[in-house]
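Hello,

Here is the structure you asked about, with notes on its salt bridges below. Please keep it open beside the text as you read.

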Amino acid sequence: MASEERSEDRPRLRWQDSLWGIGGTALAVGVGVQLVLHGVTAWPSALVGAVPAAAWIVWLVRRRRVRDAGRVGTEPEDVPAMERRILKGGPAPRDPERRRAMAAFVDSRQERLRRHRWWAFPLLALIFFGTSALWYVSGSVGAGTMMLGLGVVFLGWLAWYNVRFDRRLSQMRGRLQG
């Protein structure tokens with residue numbers, strides 16, 4: 001567990017960052033989507049289907065935090081605050097140990113971000129546009145057009161987010177070195 005004493009470099013965990021908050025949000029979204037798709041009378045099956053999905057999401061988030069913390073030499077509870085500081089363009093930590101951990105975190109994230117870029121974008125484009133083409137070939141113009149639009153919007157957003165996060169990581173590296 002994280003220490004109760006938190007400084008400016010180690011802010012308290014937000015409810016959105018706690019595993020309970022993530023699990024509760026995933027559960028609510030899963031149940032809500034199922035109820036919208038299958039009607040309000042399907043709430044038992046919606047709940048039964050959403051619980052394992054929420055548990056799996058919490059497990060993935062926890063595993064990622066533990067691995068990130070192990071790579072940089074910090075606690076898993078500190079990883080969300082480090083991510084938020086990078087995304088919001090916050091100042092570099094003043095504590096030398098926190099600076100070292102943040103620098104290692106930035107290097108790790110930037111390496112992972114760039115390592116998968118060469119195959120992930122073409123694969124996603126193939127999935128979205130290939131599915132759209134299959135819908136068109138099968139005669140469903142509406143579904144093909146919807147999948148094509150979804151693919152363009154999603155890949156555009158993903159490319160923008162990727163460039164933005166890479167730029168923020170580079171800016172944090174500059175603040176850490178300067």
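**Salt bridges**

Glutamate 97 is partly exposed, at 45% relative accessible area; here buried means under 20% relative accessible area, exposed over 50%, and partly exposed in between (1.4 Å probe, protein chains only). The model is predicted, so local features need pLDDT of at least 70 and side-chain atom pairs count only at pLDDT 80 or more, while totals for chains, interfaces and linings use all residues. Residues are numbered from 1 along each chain as its sequence is written, and side-chain values use heavy atoms, with hydrogens and water left out.

Glutamate 97 forms a salt bridge with arginine 100 (2.8 Å, N to O), the term meaning a side-chain nitrogen of Lys or Arg within 4 Å of a carboxyl oxygen of Asp or Glu. The two are about one helical turn apart, because they sit three residues apart in helix H4; helices are DSSP runs (H or I, at least four residues), numbered from the N terminus. Arginine 100 is also partly exposed, at 39%.

By this rule there are 12 salt bridges. One of them pairs arginine 98 with aspartate 78, with 3.3 Å between the closest N and O atoms. This pair links helix H4 (residues 96–115) to the loop between helix H2 (43–72) and helix H3 (79–87), 20 residues apart. Both arginine 98 and aspartate 78 are buried.

Arginine 114 forms a salt bridge with aspartate 166, at 3.1 Å between the closest N and O atoms. Arginine 114 is in helix H4 and aspartate 166 in helix H6 (residues 141–177), so the pair ties together parts 52 residues apart in sequence. Arginine 114 is partly exposed at 44%, whereas aspartate 166 is buried at 12%.

Regards
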